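Dear colleague,

Please find below the structure that I am handing over to you. My notes on what was found in it come after the sequence and model.

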Amino acid sequence: MSSVRERLDELIGEFADLDAREKLELLVDFANGLAPLTADYEARKAIEDRRIHECQTPVFLWVESDGGLARLVGEVAPEAPTVKGFVAILAEAVNGRPLQQVADLSDDILDRMGLADVLGILRTRGLRAIVARVKREFAALEKAV
Amino acid sequence: MPAYVHPDVLVSTEWVAEHLSDPSVRIVESDEDRALYTQGHIPGAVEIDWAVDLQCAVVRDYIDRAAFEKLCAERGISNDTTVVFYGDKNNWWACYAFWVFKLYGHKDCRIMNGGRKRWQLDGREWSNERVSYPAASYTAQEQDGSIRALRDEVLKHQKAGKQLLDVRSPEEYRGERMHMPDYPNEGAVRGGHIPGALNVPWPMNCNDDGTFKTAKELEQLYIKELKMKRRSPTIAYCRIGERSSLTWFVLTYLLGFGNVKNYDGSWLEWGNAVRVPIAKGAEPGGGSSASSTATLHA
């Protein structure tokens with residue numbers, strides 16, 4: 001299996017040469033592909049504090065270790081397809097890969113995808129906060145394991 | 001029963017559905033999350049994005065007149081087009097785009113009452129097809145200063161004790177928060193409000209389905225309870241000018257206030273500006289904060 005860095009580079013590559021409209025369409029494809037929560041996570045959502053408070057719309061993220069491998073599970077309100085698509089991309093990059101590799105998620109993903117210009121600076125802050133949160137929580141998990 | 005003073009600026013989802021192929025009408029979507037438009041928009045609607053299309057990249061200002069003309073021309077909007085705005089978030093950004101169009105003197109602007117939410121609730125069709133129209137020719141006017149307030153004018157207005165409306169959440173108004181609940185802090189270094197401003201959070205204008213409250217309900221709020229006067233100059237602000245565009249729209253068109261300006265610099269400018277007074281707490285007056293009176297004369 002490829003590393004987080006390699007998978008991320010591939011994902012970034014998918015966006016790189018697209019025009020603004022195509023980038024948004026691909027982002028929406030990712031958003032549409034984010035699996036709904038399973039009954040187990042749906043039940044946990046009600047009792048665990050997994051809401052990302054930096055985000056403008058309801059976003060819930062679970063950052064977990066599955067035998068030393070990363071498992072990122074997320075739910076994003078349908079009115080925020082940008083955030084939903086971005087969470088789907090992060091999950092695609094890290095899931096099933098060693099926890100310590102999550103640190104390789106670079107902070108400039110949005111710039112490298114060319115999404116920063118398509119979205120404008122104010123919109124990207126919440127997304128950058130998600131990257132920071134995911135990296136921080138996986139790092140804490142790695143220490144605990 | 002009182003009616004809206006300028007009911008013609010508001011159209012229903014039904015009206016829009018009947019005018020989808022009317023060449024004299026252009027439907028424009030403006031969203032907080034612009035991927036919503038990509039995902040599905042009203043058939044034939046074009047997108048105008050508040051951040052990418054309406055803001056100038058190098059000056060903190062709107063695009064200039066020439067850029068606005070180009071923006072309209074590219075979307076097949078000419079001077080006599082009826083432009084109908086709608087969007088997510090109870091039409092905040094739709095009202096913002098409407099306001100920018102008025103800033104450049106576009107004659108026939110309307111809002112689709114209820115925005116995306118009402119269109120969805122009505123079970124109407126969404127399309128994800130790309131939309132393009134033959135280029136039109138557009139001539140904009142110079143910016144209309146009568147609907148836009150800049151900082152110095154707000155300061156004079158505030159000192160004169162004229163009608164000021166802060167449409168943010170009560171937590172932001174009191175200075176406990178510097179951003180909307182659940183939104184990231186976008187960088188104001190002081191929390192509070194402009195002294196003298198009344199706090200009328202924008203949701204008080206809207207129903208749960210995204211439509212505007214009735215004329216009677218709006219009159220009850222602004223005229224009867226808050227004792228605001230239709231003829232007195234009024235300035236509305238929020239954090240970056242989008243929620244206050246909605247209140248500007250309500251006061252100007254639904255209630256018929258004669259002189260309302262949107263302060264688009266809003267709290268992101270005022271909360272960072274040197275030597276402007278601010279007030280903290282629930283009272284408009286500002287007497288509760290030493291800084292609110294001292295800074296001006298320091």
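Predicted model: local features only at pLDDT ≥ 70, side-chain atom pairs only at ≥ 80, totals over all residues.

Residues are numbered from 1 along each chain as its sequence is written, and chains are lettered from A and ligands numbered from 1 in the order in which they are written.

Chain A

Chain A contains seven helices and two strands; helices (H or I, at least four residues) and strands (E, at least two) are DSSP runs, numbered from the N terminus. Read from the N terminus, its elements follow the order α-α-α-β-β-α-α-α-α. The radius of gyration of chain A, 15 Å, is close to the 15 Å that the globule rule gives for 145 residues, so chain A is as compact as a globular protein of that length. The radius is taken over C-alpha atoms, and the rule is 2.2 Å times the number of residues to the power 0.38. The C-alpha trace of chain A spans about 40 × 30 × 25 Å along its principal axes.

Of the 145 residues of chain A, 39% count as buried. A residue is buried if 20 or more other C-beta atoms lie within 10 Å of its own, exposed if 12 or fewer, and partly exposed in between, with C-beta atoms placed from the backbone. Among contacts in chain A between residues at least 6 apart in sequence, 69% join residues at least 24 apart; two residues are in contact if their C-beta atoms, placed from the backbone, lie within 7 Å.

Contact between the chains

On the side of chain A, 22 residues are in contact with 14 residues of chain B. Helices α2 (20-33), α4 (81-94) and α7 (121-144) of chain A each supply at least two residues of the side that touches chain B. The largest share of that side, six residues, comes from α2(A). By class, the side of chain A that touches chain B has ten nonpolar, six polar and six charged residues. Here Ala, Val, Leu, Ile, Met, Phe, Trp, Tyr, Cys and Pro count as nonpolar, Asp, Glu, Lys and Arg as charged, and the others, Gly among them, as polar.

Chain B: the five-stranded sheet

Chain B has an open sheet of five strands in the order β1-β5-β4-β2-β3, with parallel pairing; two strands pair if DSSP finds at least two bridges between them. Its edge strands, β1 (10-11) and β3 (46-47) of chain B, each pair on one side only. Helix α4(B) packs on the sheet and touches β2, β4 and β5 of chain B, and its direction makes about 175° with that of β5(B). Axes are lines fitted to C-alpha atoms, for helices over the stretch in contact, and angles run from 0 to 180 degrees between N-to-C directions.

Four of the five residues of strand β4 (residues 82-86) of chain B are buried, so this strand is largely enclosed by the rest of the structure. Strand β2 (residues 25-29) of chain B pairs with β4(B) in the parallel sense over five bridges, and Val28(B) has Phe85(B) as its bridge partner in β4(B). With strand β5 (residues 109-112) of chain B, β4(B) pairs in the parallel sense over three bridges; there the bridge partner of Phe85(B) is Ile111(B). The chain crosses from β4(B) through helix α4 (residues 92-103) of chain B to β5(B), and this β-α-β crossover is right-handed. A crossover is right-handed if, with the strands pointing away from the viewer, the path from the first strand over the helix to the second runs clockwise.

Asn90(B) is found in the loop between β4 and α4 of chain B, and its phi is near 55°, a positive value in a residue other than glycine. Lys89(B) is buried, with 25 other C-beta atoms within 10 Å.

Chain B: strand β8

Both faces of strand β8 (residues 234-237) of chain B are covered, with Thr234(B) and Ala236(B) on one side and Ile235(B) and Tyr237(B) on the other, all buried. Strand β6 (residues 163-166) of chain B runs parallel to β8(B), joined by four bridges.

Yours sincerely
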